[in-house]
Amino acid sequence: MRLSLWTLLASSALTLSGTTAAVRNPNSFRPEDIIDRDVVILGGGATGTYAAVQLRRRGHSVALVEQTSRLGGHASTVYLPNGGYVNYGVEGYFNHDITKEFFALLDVDYEPLLPGSWLTKHIDFRTGKRVWPSSDIATTAVSAVLYRAAIEQFDYLAMGAYYFPDKVPEVLLRPFREFVAKHNLQRAVQLIFMFSQNVGNILDTPLLYVIMNFGIPQIHALLEGGYIKPKNGTDVLFNKAAIYIDEANNILYDSTAVQVTRDSAGVQAIVKNAKTGSQKLIRAKKLLVAHPPTLPKLQGFDLRAEETSLFAKWTYKTYYAAAVRSPSLPEGFNLLNTYPENRPGGTPTTPFQWQLEYSGVPGYYMSKMVGETNFTEAEARQLVIDDIKRMSSAGTFEMEAGEEPELVAFISHSPETMMVHVDEVREGFYKKLYGLQGLHSTYYTGYTFCTDYSTVLWNYTASVIDMMGL
Ligand SMILES: Cc1cc2nc3c(=O)[nH]c(=O)nc-3n(C[C@H](O)[C@H](O)[C@H](O)COP(=O)(O)OP(=O)(O)OC[C@H]3O[C@@H](n4cnc5c(N)ncnc54)[C@H](O)[C@@H]3O)c2cc1C
Ligand SMILES: *[C@@H]1O[C@H](CO)[C@@H](O)[C@H](O)[C@H]1NC(C)=O
Ligand SMILES: *[C@@H]1O[C@H](CO)[C@@H](O)[C@H](O)[C@H]1NC(C)=O
Ligand SMILES: *[C@@H]1O[C@H](CO)[C@@H](O)[C@H](O)[C@H]1NC(C)=O
């Protein structure tokens, strides 16, 4: 059942390729439509952008292919009429040399990331009613220290990559609730969920995926260095990166690779602009895939059997983010969705709106919605509005008559939280996955290969660039 959706998507994509058709013969491209580069990078989110910048810094040429009309991926900022802004995706980066060196290279000014508010009201979003946090929730520092002590034994995960020993310890494959019980982490579940709500139903999630979304690097940042953010929004970082990469010559926006052939000598990618329909031929020594390597996204690639069999195995969550305007919510509070009966921790279950996080700009909140694969964008949008209205009808907050909450910005980040079934992990999935690095001149980075945090992903990406041996 798990695999059937992907298989379905992959096969429908194959059928569709007949209609999208008209992929051209590589020999038919005029010289001005041929781009020769050292590396072609697919995906201009945190990792693809970082790779492009670092490769150029080292003197290599790049072509960066991004499906949307902007760089940033999971990082997005909305600028408000009053001059303020809301980062409704990525909010901050570890206050670490890796981040600061990147910011310095791009001349990005930064400041500490502080929460829009330290105050939280617990609300059961299903009823709209205030609930009381259970008395057994520890402070952030105590939770983090308890949790760190429990997971330190898995030191091979400390770099953020899925570098397991040959025999993966069974405890990593068991549901998180068992680890919580064994190590008495009940009081820490809320904090852990703060950083890993993208796993969905956390208590049922295999321990390894909880650690990969909130592990040693994240705890270290939380307890020691803290977080920083670019002044005037995360967009500033990516706008400056686009300049550094020389976007007019090296970035292909609104574009995807529609046909890719690879061998040990190099790569040919035909890239199509979805807006203009125009196609370019990119010839490169190396290919870096910096988006999740799912079969639907790799349609048109000359996938070998071992690649197809691994990429067919993903399961994932849907994840949506929004900036919400709702002036009648209580000023200066985060509203945290809490299901009191889901113990320990009171975390919500899918599909859910995780919280309405006060942005620091009066009336504006950040919101994140998580679901299984069948949770649609339309349902996520409706959920935000319905949750707020339910708080109003329950009398929790007074809403002016006729006042509608408004989604000022909304974005889909699906597929998110790339996982495979524990049987696959046991049978060496990740060893085989990393074994693909470098095969047929192809390399991979991004949150499928490493913990889903920018700073750690940048460090992993740097190691992948080293592997290219350019
Ligand atoms: C809402 C949200 C908040 C987060 N907050 C933080 C935070 O505060 N701090 C933090 O460190 N991390 C945060 N994260 C984690 C975040 O995912 C990572 O930090 C990082 O941005 C992931 O980078 P990536 O390059 O792997 O993927 P992405 O940023 O998703 O980049 C992938 C890129 O590939 C493009 N793409 C997709 N398919 C194709 C295709 N077929 N062809 C071409 N391009 C394609 C996408 O448009 C996108 O630009 C957050 C994640 C989410 C979803
Ligand atoms: C912040 O960025 C926005 C959008 O690019 C711009 O309009 C605004 O002037 C910037 N504000 C400051 C203070 O730099
Ligand atoms: C969505 O999928 C989940 C399990 O993956 C299932 O329990 C749920 O019933 C599905 N919801 C709908 C509306 O089909
Ligand atoms: C960065 O990656 C290297 C390996 O490439 C690793 O040794 C180091 O610990 C990582 N640093 C951080 C801060 O994750």
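A polar side-chain atom of Asn459 lies 2.3 Å from an oxygen atom of ligand 4, a polar contact in the sense of a pair of N or O atoms within 3.5 Å. The protein covers 48% of the 360 Å² of accessible area that ligand 4 has on its own, areas being computed by the Shrake-Rupley method with a 1.4 Å probe. This is a predicted model, in which local features need pLDDT of at least 70 and side-chain atom pairs count only at pLDDT 80 or more, whereas totals for chains, interfaces and linings use all residues. Residues are numbered from 1 along each chain as its sequence is written, chains are lettered from A and ligands numbered from 1 in the order in which they are written, and side-chain values use heavy atoms, with hydrogens and water left out.

Besides Asn459, the surroundings of ligand 4 comprise His96, Ile98, Met159 and Ser463, a residue being near if one of its heavy atoms lies within 4 Å.

An open sheet is formed by three strands in the order β5-β9-β6, with antiparallel pairing. Strands (E, at least two residues) and helices (H or I, at least four) are DSSP runs numbered from the N terminus, and two strands pair if DSSP finds at least two bridges between them. At the edges stand β5 (93-94) and β6 (110-112), each pairing on one side only. Strand β5 is joined by two bridges to β9 (residues 227-230), where Ile228 is the bridge partner of Tyr93.

Asn232, in the loop between β9 and α9 (234-245), has a positive phi near 65 degrees although it is not glycine. The bond from Thr350 to Pro351 is cis, with omega near -10 degrees, and Pro351 belongs to the loop between β15 (334-337) and β16 (352-358). The bond from Ser414 to Pro415 is likewise cis, with omega near -5 degrees. Most residues other than glycine have a negative phi, and most peptide bonds are trans.

Key
A polar contact is a pair of N or O atoms within 3.5 Å; within protein, one must be able to donate a hydrogen and the other to accept it, and residues adjacent in sequence count only if both atoms are side-chain atoms.
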